[in-house]
Amino acid sequence: MDEFTADAFVNRDEPIPVVTISTSDDHASDVDDSPSRGHRVKKVLSSSKLKDKLHDVRDKHHEPSSSLQDRLFARLLQQIVPTEDMADVLDTADKRSSKYINRPGFSLPLMTNNFRRFNARIGVVFVFQNRVERLLTWRVPTHTLSFLAVYTFVCIDPYILAILPVAVLLLFVMVPSFLARHPAPPTNLPTDTYSIRGPPLAPPRSIKPANEMSKDFFRNMRDLQNCMEDFSRVHDKMISIVAPPTNFSNEPLSSTIFLILFMFACSMFLVSNLLPWRAISLFAGWAATSLGHPTIQRAFLSAHETHLRPRERQARGLLDSWVARDIVLDSAPEIREVEIFELQRRSSNNEWEAWIFSPSPYDPLSSGRISGDRPKGTRFFEDVQPPTGWEWSDKKWTLDLLSSEWVEDRMVTGVEVEMEGERWVFDILYEGAGVEVLEHSKVKGKERKRDWEEGIGGSIKGRWRRRRWVRTVKRKPFTKKP
């Protein structure tokens, strides 16, 4: 195994550290919440377009370096993927970008090849991360102080930010590249000067990926493994800190935080232009960098253990008491009114028979009526259920006695409204019409002022009649399952 790969960006110093966060149970939640191996495999295999993309492995994603084992495993996954899951996925990719951008699906050989290529080239990120950590932890105090000096100049004159990218390109890219082609001659005399004249003495330096059989490749894997663990732990810790007070699991506390943030945002609209942002940025940068010094860290930890930790419970109690006293939430659930239409149909012996309870009135000009569809609903009153997330507020349905109002609100035409009795709304069968249609006819040379008529018994009733029932519902409160 090679010791290192020449001209490769690899962190050959100490490994990337794994952040340790003190929790009561570091990995218990990971073990409890992680699904079983079979469930994970089922979830991954039923992802969108997986089967089609695995099928493309044979035609498009096979490379000459793919092993026989990878091909056999890809074929096995292709046969295992269920076909019924593919119809539920819609292809939302932008067709206009297909000419310039290739978006391949999941492929095991392609995934393996991409990981090897990625791991051979990710060393530059770990080198940068390691140098930033050394800079912020005061490993070399002169470097940290130099960084703070540059930061101070940027805060005093923010226009220097436009020069920084060019300065970084010159000092850290082009000057080292020139020195690599024009190395200094070996000498032991301190008085010798470096000459930039003459032809280049060495080939140009290029960045090469780490060899897969070198130690640098495994160093990159080591640092990548530790970074993934860092991200997982920081992510879980941030969720445990941020989520409870902001996801309204404790509504009084979340409402207090929302109110404070809203007032702060409104005040910043007014006073943000009056704040000395340069001084604030300068102080914040120096304070954040100073906190990385070991001596200051020890002093802060000692002060926290001595003064803050004993008073944390007291401060928490004061906050909870203030929230309970000043934040009043409306505990009454939202109440609304729902409706159902009782439809009856005229039988062959000229009698009305109960037909269905439908959410729509099935009027003569409704879309379902015109297309010839049967009304949708339930046969029995007891089978009518409240909307999802709601529950009944009262015990029984109430007949709507103002049938003319909902007829006018819906602009229902071609019907006769019963003004007394059971408040049925009948279809009207006009004379000379073989079907139940509405004609914009004129009565005695004048246009009708409305498209429905009061029930006076003189018109020919159609095949359907309906009446409206109403009932109140209220929001169903969430109850945490045990």
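Modeller: Asparagine 350 is found in the loop between β1 (335–346) and β2 (352–358). The model is a predicted one, and every value given here is computed from it. Is asparagine 350 exposed or buried? With a relative accessible area of 53%, asparagine 350 is exposed, because exposed means over 50%.

Serine 360 counts as partly exposed, at 36% relative accessibility. Which residues does serine 360 touch, if those up to four places away in sequence are not counted? They are Phe341 and Leu343. A further relation concerns glutamate 339: serine 360 and glutamate 339 are 21 residues apart in sequence, and their C-alpha atoms are 9.0 Å apart in space.

A positive phi also occurs at phenylalanine 248, where the value is about 60° and the residue is again not a glycine. Phenylalanine 248 belongs to the loop between α10 (215–246) and α11 (251–271). Its relative accessible area is 41%, so phenylalanine 248 is partly exposed.

Two packed helices are described by the angle between their axes and by the distance between the axes. For α10 and α11, the axes come within 7 Å and cross at roughly 95°. The helix α10 is therefore roughly perpendicular to α11, since angles of 65 to 115 degrees are counted in that way. In this contact, Pro244, Pro245 and Thr246 of α10 meet Leu253, Ser254 and Ile257 of α11. By class, the contact of α10 with α11 comprises 4 nonpolar and 2 polar residues, and no charged ones.

Helix α10 has another partner, helix α6 (residues 108–121), and the axes of α6 and α10 come within 8 Å and cross at roughly 95°. It follows that α6 and α10 are roughly perpendicular to each other. On the α6 side the contact involves Phe115, Arg116, Phe118, Asn119 and Ala120, which meet Phe217, Asn220, Met221 and Leu224 in α10. The contact of α6 with α10 has 6 nonpolar, 2 polar and 1 charged residues.

Another arrangement is seen for helix α8 (residues 141–156) and helix α12 (residues 277–290), which pack at an angle of about 165° with their axes 9 Å apart. This angle makes α8 roughly antiparallel to α12, because angles over 145 degrees are placed in that class. The crossing of α8 and α12 is right-handed. Among the residues of α8 in this contact are Phe147, Leu148 and Tyr151, while those of α12 include Leu282, Gly285 and Trp286. The contact of α8 with α12 consists of 7 nonpolar, 5 polar and 1 charged residues.

The protein chain has 16 helices and 10 strands. Buried residues make up 24% of its 482 residues. Of the contacts in the chain with a separation of 6 or more, 69% are between residues 24 or more positions apart. The accessible surface of the protein chain comes to about 35,200 Å², and carbon and sulfur atoms account for 61% of that surface.

Key:
Residues are numbered from 1 along each chain as its sequence is written. This is a predicted model: local features need pLDDT of at least 70, side-chain atom pairs count only at pLDDT 80 or more; totals for chains, interfaces and linings use all residues. Side-chain values use heavy atoms; hydrogens and water are left out. Axes are lines fitted to C-alpha atoms, for helices over the stretch in contact, and angles run from 0 to 180 degrees between N-to-C directions. Helices (H or I, at least four residues) and strands (E, at least two) are DSSP runs, numbered from the N terminus. Angles under 35 degrees count as roughly parallel, over 145 as roughly antiparallel, 65 to 115 as roughly perpendicular and the rest as oblique. A crossing is left-handed if the near helix is turned anticlockwise from the far one by less than a right angle, and right-handed if clockwise. Contact means heavy atoms within 4.5 Å. Ala, Val, Leu, Ile, Met, Phe, Trp, Tyr, Cys and Pro count as nonpolar, Asp, Glu, Lys and Arg as charged, and the others, Gly among them, as polar. Buried means under 20% relative accessible area, exposed over 50%, partly exposed in between (1.4 Å probe, protein chains only). Accessible areas come from the Shrake-Rupley method with a 1.4 Å probe; for residues, only the protein chains shown count as cover.
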